[in-house]
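Thanks, everyone. Let me put the model up, and then I'll walk through a few spots.

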Amino acid sequence: MTSGAPASETIAAPAALLPQELDLARLIVSVLSLEVAPEEIAPEAPLFNQGLGLDSIDALEIALAVSKTYDVKLRSDDERNHRIFASLRSLSAYIETHRAR
Amino acid sequence: MSATLKPGEAAPPGAPEWTTARERGSLALARFMVWLVRRVGWWPGHLLLYPIALYFLAASPRPRAAARAYLARALGRAPRLPDLFRLYFAFASTILDRAFLVTGEAARYRIEVRGLEALQARIAAGQGCVILGAHLGSFEALRLVADRGCPVDLAVMMHEANAARLKAVFDALGGAARQAAVIPLGTAEAMLRARECLERGGLVGLLADRAPRAERVLEVPFLGAPAPLPTGPHLLAAVLEAPVLLAFGIWRGPRHYEVRFEPFAEPLPPGREGRAAAVAERVRRYAARLEAVCREHPYNWFNFYDVWRRDAA
């Protein structure tokens, strides 16, 4: 599936998103109707406060969309929540580890 | 529309007035009242409310000016000194009563309940509910009724600073079980806890008349002038597709409360389409209901800051 894409293109992108990160970025942008292109979200930038400037209700919407799309439920009693929601990359990594395959 | 909430930030410099001086004063007062009524009982505590209310009325010009401006709107005339005293006295009374109500010592209280059927129907249907209140009358009186008539969880969401203060009062009263049900707002976890509570068929209570700086607000007509009210509580209910009830614990006189539940909104269908408009409509309607209660019971409004000032909320 990726055989056609030359490696140089991936490297040339300003912020190299992994395919699953790009999918998640698209989901977030669509769910929150953000005025930013999914490709432009820096994977390591904070999602909340600075960075994308999302708030806790946005976080809730993301959590709901994630559970619908990936069947991964984010729970309040997870002590890692702070790290999970830290950036696009950390949230994506969490989903990849826990999603049903 | 999307603004930043700062989790864990307690009363930053330039915070709205209500997160600072007056809240500190009322916490000290609450602690003192708890101490007092534990030792001497309700009556001496009640008599002391007269000098206490006078002291607060005399000692703090800024809250007094705000109270005067509010009363002028709610009463529809220039407030006189006895009007101001009644407001301060009612406020002090609810603080005294909190010390009793929070420990469940409500035997001598007359508490009239209206509209409980609306709440019970939701509970019977196993449907989690968002309950919106205001800094009006006593939230504890309301909680007492909810606790009695309610076999499900009740979680109250509060801004970090207020939650910490409330926790201090609960700690003083030794109510560990109750304090666990206070969720500090502003984090992803808080929102997930609200969702989980609603999923269990529980109740999530929020006060929808104050917003910290930089939270999402909408200016809506309130007692004759536009006031910035928070949209967050309504948005939360919409996102979680929960029905909404209003609840007020109105102070009617010494050891006398009227607790009211009113159906407010049905669950909103999922998706963003039409949501912003629905939320705006709800903020307006909430303000209109609040206005009606303020006109009916003008001495129950316990927001001692300028609620109409744009940067106050």
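First, a term: two strands pair if DSSP finds at least two bridges between them. Now the ground rules. This is a predicted model, where local features need pLDDT of at least 70, side-chain atom pairs count only at pLDDT 80 or more, and totals for chains, interfaces and linings use all residues. Residues are numbered from 1 along each chain as its sequence is written, with chains lettered from A and ligands numbered from 1 in the order in which they are written.

Start with strand β3 of chain B, residues 154-158. β3(B) pairs in the parallel sense with strand β5 (residues 203-207) of chain B, over four bridges. There, B:A155 stands opposite B:V204. β3(B) also runs parallel to strand β4 (residues 182-184) of chain B, joined by three bridges. B:M157 has B:I183 of β4(B) as its bridge partner.

Is β3(B) mostly covered or mostly open? Covered: four of its five residues are buried. Buried means 20 or more other C-beta atoms within 10 Å of the residue's own; exposed means 12 or fewer; partly exposed is in between, with C-beta atoms placed from the backbone.

Next, helix α2 of chain B, residues 42-59. Its 18 residues reach 25 Å from first C-alpha to last, close to the 26 Å expected at 1.5 Å a residue. That expected span is 1.5 Å times one less than the number of residues. Still, α2(B) has a kink of about 30 degrees at B:L49, shortly before the proline B:P51. The bend is the angle between axes fitted to the seven residues ending there and the seven starting there. Buried in this helix are B:G45, B:I52, B:A53 and B:F56.

Two loop residues now. A:D71 sits between α3 and α4 (81-84) of chain A. Its phi is near 60 degrees, positive in a residue other than glycine. A:D71 counts as exposed because it has 12 C-beta neighbours inside 10 Å. B:R255 lies between β8 (244-253) and β9 (256-265) of chain B. Phi of B:R255 is near 50 degrees, again a positive value in a residue other than glycine.

Last, the interface. 17 residues of chain A are in contact with 20 residues of chain B. Contact means C-beta atoms, placed from the backbone, within 7 Å. On the chain A side, helix α3 (residues 56-70) gives the most, with seven residues.

Note on methods. Two residues are in contact if their C-beta atoms, placed from the backbone, lie within 7 Å.
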